[in-house]
Each structure stands twice: as structure tokens, then as C-alpha cells.
Amino acid sequence: MSSEVRIGPCGQALVFIPMPAMDSLQFSITDVVDPYNCTSNPATGLTSPTTGIVSEYRRPQPLANLPFLTSIMWDGREPSLASQASDAVLIHAQSAAPPVADQIDQIIQFESALFAAQTYDNAAGDLTADGAQGGSVALSAIPFVSNINPPGPSFNPSTMTMFFNWNNSPDANKASIARGQNIFNEKSFAITGVAGLNDVTGKSSIPGTCSACHNTPQVGNHSSSEFLDLGIATAPAAMAGGTSLSLADLPVFTVHCESGPFAGTDRQVTDLRRALITGQCADIGKVKTALLRNLAARPPYFHNGSAPDLATVVAFYDDRFQIGLTDQEKADLVAFLATL
Ligand code: HEC
């Protein structure tokens, strides 16, 4: 399936994904409000509500910190770095022949040795000063195995500890970053309405912090392969916090669920996300929990770039989960995220 994803004439930062050709496909696309006419034009897009190609607008992700990944691509469509490399050679580079095993090994060795993190902060200075452990050198030495910090009795919510030594620093900027780190680990709120979490556990409200989902120590993606829907692809911005995000220039798909547990329901989303891989209505809008290093260098945020800066990300979460952050706490959290 993944090998059919291709870059096409509609251009822009988009992926073209075919409707899943499977008997168990649970949905049809009954309407597209399509500012770019890519999905709505049968030459480049859908040929019927259940066949053809869907164009979606997603940010490329950093080609770094790959040893920590538990899912490859936002929707997890590539099962391994080897398949990703092979597909990229065939599709993006348009090679007539797939790379041989030795070439794939070399690509994986090269890309797996790349680590990216903030090393310097304009206000706080060197992110390794006074016992702090920011920067890509420290990051490259962090051990990782899949599911290293699973939810449950042994879960450690203190996933970020790089700036522990800056707690109560006499330098106001360092102290702010350390407070932001503590908010990330410790500020608890009620996690509600997250498909892939609340529905799967059968708990309509789960107390947790930022690290409940961003739980790989010092890295911040989910330490196991899980896909969640916070509502960021929900159109037209119909969820709490949605008004702070810019979704206006994205297409809106009306998806009708024909079979399965959601049969008879409709969803409006800007991106079907994992559902285009599995064909399941339960996966509409789900993506992996993003990795949080090197954030300052790569706005805008979220899979669709709907948050132009880190302040908007924090404002979104504050509204979405009614966290009740003060202006100082928001500023501290932004200062911390910008050092990752
Ligand atoms: C319920 C799980 C969950 C919780 C709780 C959570 N996140 Fe996220 N986070 C995600 C998912 C899933 C994504 C990817 C969403 C998308 O792009 O559509 C994400 C994306 C992000 C991104 C964007 C990364 C990028 O590369 O674009 C940032 C920054 C972020 N989260 C910070 C936070 C902070 C700060 C908190 C606490 C206030 C928090 N998150 C709480 C699941 C969660």
C-alpha cells in the first residue's frame, strides 16, 4: 500500500494516498471542499466515493532522531526504515529499479546516525551549561527500546529531566525553562475525547500530564506505536481549542461510515490520516504522537502545520483540555519547548 503514495502534479507539501482497495473498507468520501482541486478532479483524485486518490497536506518531519521512532510517517504507513528508503527511491527519486539490500543498509546507517536538538537558547545561552543536558550530543547517547515507558503502574511521568539542575537558578531565563519542564512532567489535567485513548481504555476522563502521551524519556514521542486523534483534523474547527488553529486553507472531506462500529455516522475532517491505511472508521483523524526535539527550528506545528508557533500550541492544549495555565505558566512551557 505504501508504495502507491506518490508526489503528483498538484505539488505543494502534500501526500497522495489511494483509497484502500480492500473488501473491509468501512467508509466512502461523499463530499470534498477542495481549494486545490486535487482530490475533486478525477484525473488526479477520486474516481468514485470509494476509489481513486486522496490528496492531503502534511508537514514533512525531520530526518533525524530516527532511532527513537516507534511509527514511521504521521500515519505509520511505512512498516520499517527499509521499506521507507525503498519507496522513497522508487517514488520520490523515480528510480526505475529498487535499491539493493546493501544500499538500503547504507541509507539506514547514515540516517540513523543523525541527531538534532537545540544546543543554544537566545535568552538562556548554552543548553549544556550548569549541569543541563540539552543538545544533540546528549540526545544521541540516550538509550531507547520500544515501549520503554509504558502506561501502567511503572509509568514514570518525569519524561523530561535535562534541565533539572536549573530548578531555582538565579538566572531568570534558566529558571523559567526549568519551571516549564516541571509543568510538562507534573501539571495534571483531564484528558477527554481522545480517540485511541479514552475509547480504547473505556475511561471518558484520564488524569495525565503532557508526558502521558509524549512519554519517551528526553525525546517526547509515544514510546510504543499508538495512534491518537486530539481533534486537530476536525473541521470546521469544531472542537475546544480549534479556533486557535489555522485550518482555513485545508480541504474538508465528508466521510460516511458504511460499515463497522460507526456505521451510519458522518465525519468532517481535513485529513483522514490513519484511516486511509487501515480502511477503518475508528482510525479517521488518528496520527502518531509527535517527537518533540528540535522544535524551535521547525515551525509550524502539528501534522498539518495549523499552529504557527509554540505559543499557539500551548494555547491550543490549554483550551482543548481546560488546563487553566496562567500566563506565566504558558510562557515557561513555551520557553522549555523552545530548548528541546
Ligand atoms: C492525549 C495525548 C497528548 C497529550 C496529553 C499531549 N499531546 Fe502533544 N501531541 C499529541 C499528538 C497525537 C500530537 C500530533 C498531533 C497532530 O499533529 O495532529 C502531538 C503534537 C504535539 C506538538 C507538535 C509537534 C510537531 O512536530 O508538530 C507539540 C509541540 C506538543 N504536542 C506538545 C504538547 C504539550 C506541551 C502538551 C501538554 C500541555 C501535550 N503536547 C500534551 C498527543 C498529546
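Start at the ligand: 27 residues surround it, and the closest are Cys210, Cys213, His214, His303 and Tyr317. A residue counts as near if one of its heavy atoms lies within 4 Å of the molecule. Before you go on, know that this is a predicted model, where local features need pLDDT of at least 70, side-chain atom pairs count only at pLDDT 80 or more, and totals for chains, interfaces and linings use all residues. Residues are numbered from 1 along each chain as its sequence is written, and side-chain values use heavy atoms, with hydrogens and water left out.

Now color that shell by residue type: you'll get 19 nonpolar, four polar and four charged residues. Here Ala, Val, Leu, Ile, Met, Phe, Trp, Tyr, Cys and Pro count as nonpolar, Asp, Glu, Lys and Arg as charged, and the others, Gly among them, as polar.

Next, select Arg273, which has a polar side-chain atom 2.7 Å from an oxygen atom of the ligand. Hop to His303: a polar backbone atom there sits 2.6 Å from a ligand oxygen.

Is strand 10 mostly covered or uncovered? Mostly covered, with five of its six residues buried (under 20% relative accessible area, 1.4 Å probe, protein chains only). Select strand 2 (residues 27-33) too: the two pair antiparallel over six bridges (pairing takes at least two DSSP bridges). Look for Asp31 opposite Thr254.

Note on methods: Buried means under 20% relative accessible area, exposed over 50%, partly exposed in between (1.4 Å probe, protein chains only). Helices (H or I, at least four residues) and strands (E, at least two) are DSSP runs, numbered from the N terminus. A polar contact is a pair of N or O atoms within 3.5 Å; within protein, one must be able to donate a hydrogen and the other to accept it, and residues adjacent in sequence count only if both atoms are side-chain atoms.
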